[in-house]
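Take a look at the model below.

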2 protein chains.
Amino acid sequence: MSSSGTTSRGRIDKRQAILEGAFTVFARQGYAQACVQEIANEAGVAKPTVYNHLTDKATLFKHAMEAGARTALDDRLAALEPLANPAEDLRASLEDVAHALLRLHTNERSCALRRLLYSEVTRFPDILDIVVESGPDRLNQALADRLARLTLAGRLRATDPDLAAEQLMALLLGPLEARSQLGTRTLEDTELREVAEAAVRTFLHAWGPDTRERS
Amino acid sequence: MSSSGTTSRGRIDKRQAILEGAFTVFARQGYAQACVQEIANEAGVAKPTVYNHLTDKATLFKHAMEAGARTALDDRLAALEPLANPAEDLRASLEDVAHALLRLHTNERSCALRRLLYSEVTRFPDILDIVVESGPDRLNQALADRLARLTLAGRLRATDPDLAAEQLMALLLGPLEARSQLGTRTLEDTELREVAEAAVRTFLHAWGPDTRERS
DNA sequence: ATTAAGTTGAACCAATGAGTTCAAATGACC
DNA sequence: GGTCATTTGAACTCATTGGTTCAACTTAAT
């Protein structure tokens, strides 16, 4: 690995650059309108090199989407981390995590990824397994785990953590679609905060501990 | 207009057929992959006729989208109607309306429309005004109106009907995205019922009248 | 019957873009 | 310095497709 490690160093770098550039161009133009030459330019590489690493425009697309989705998922999972040991103020912790999720969900790359996913899901059914199943599903599951812990600790009365996670995510992300005009308008940070607060408020109304919550 | 009325009868029919066929083909292939010849075939019409009625592929697309979106919105608004004078059992009424909305939201044409919208919104920013603003926005507003009435009648304690409507819609539609695999899997009617019930339950927890609701 | 509007099919043009070929250049490793 | 894998740029092939043209045809109104 030592010798071939340095030898393939250039290779692996080129491949990374190609996938990176491919995602950028696909995000900007859509699958059909994106041309391979432009991807090569974006990656600072010659056209035959692209075909050397990735046989097809189609497989190029799939790998670029897979890479983009993986990093997006990693970011989201990391944002969930603070819920492992929440502060004394549960509401504040939830709001912070919610806000972080909204920030991630509304950034440029996430919106582009979602757009590409929606538009090409019928022509590339296999990216669905990689991206969706390993995307929202895994995120939901991770969130459900956290909520289950919180329930055991007596800080929530969620009877079904999976359902609770699903609905919390819905309350967070649902309002974004309309407000951000399907991701074309960038939302102010204060507006994200607003949505996060409202979602957590409603969530705690329904799933929170059995106190006399006032509106 | 009486004479030209019958004369243009054929014209208007052709135009309708073209828009209809265009939506079908765009839904199946996406904007870029759809070719005008195929649209003409689908509409049972010659290619120059298409260009005779609609100058461009682009304007053809816009008009097809607009028509598709308009009927989709009309259906949804009609489904909201029963909330005007709800039965004695508010929960049941909400669940029925919710279920109807979910059915409309998951049918073939709606999914295709959403897909096309997401994929082409960057290349056709003007369809956004027609479709989005006159889509979810108007639906939200209509729902908020109903909820406001219910609040005045003392059957809800929604302080902000707009927010309540937004969150109810989020609770309804959010879970669909993951469950239907972005609209590629068709959902059983019982699963839709399940989602509707869960959404209404949580909604009433948070916004319902001030009773001792049990889980 | 005549006219006029609209439709049809087929052929045509021009542009675009995927994928390939190849000789020259690069650069790491011995 | 020599060797080998990889990269590069440019030219090339070939299929697709948007949009046009045109002469023949339908159809309804006068």
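Start with Glu166(A) and Arg179(B): they form a salt bridge, with the closest N and O atoms 2.9 Å apart. The coordinates are those of a predicted model. Between chain B and chain A the count is two salt bridges.

Which helices of chain B each supply at least two residues of the side that touches chain A? They are H6 (108–120), H7 (125–152), H8 (161–179) and H9 (189–207). H8(B) gives the largest share, ten residues. By class, this side of chain B has 17 nonpolar, eleven polar and eight charged residues.

Now take the interface as a whole. Here 36 residues of chain B are in contact with 36 residues of chain A. The area buried between the two chains is about 3,600 Å². Carbon and sulfur atoms give 63% of that area.

The symmetry comes next. A rotation of 180° superposes chain B on chain A, with 0.0 Å of shift along the axis and an RMSD of 0.1 Å. That is the relation of a two-fold axis. In chain B, the C-alpha nearest the axis belongs to Ser119(B), 2.3 Å from it. Why do the copies meet through the same surface? Because 100% of the interface residues of chain B are also interface residues in chain A.

Turn now to the inside of chain A. The domain assignment gives domain 1 (1–54) and domain 2 (64–207). Their centres, taken over C-alpha atoms, are separated by 30 Å. Eight residues of domain 1 of chain A are in contact with ten residues of domain 2 of chain A. The area buried between these domains is about 800 Å², and carbon and sulfur atoms give 72% of it. Which three residues supply more than any other three of the area that domain 1 buries against domain 2? Phe23(A), Ala27(A) and Tyr31(A) do, with 69%.

The rule finds one salt bridge across the interface of domain 1 and domain 2 of chain A. Arg109(A) forms a salt bridge with Glu20(A), the closest N and O atoms being 3.4 Å apart. The side of domain 1 of chain A that touches domain 2 divides into six nonpolar residues, one polar and one charged.

Key. Residues numbered from 1 in each chain as written. Chains lettered and ligands numbered in written order. Predicted model: local features only at pLDDT ≥ 70, side-chain atom pairs only at ≥ 80, totals over all residues. Heavy atoms only, no water. Domains from an automatic or database assignment. Contact = heavy atoms within 4.5 Å. Buried area = accessible area lost by both parts, 1.4 Å probe. Salt bridge = Lys/Arg side-chain N within 4 Å of Asp/Glu carboxyl O. Nonpolar A, V, L, I, M, F, W, Y, C, P; charged D, E, K, R; others polar. Least-squares fit on C-alpha atoms with pLDDT ≥ 70 in both. Helix = DSSP H or I, 4+ residues; strand = E, 2+ residues; numbered from the N terminus.
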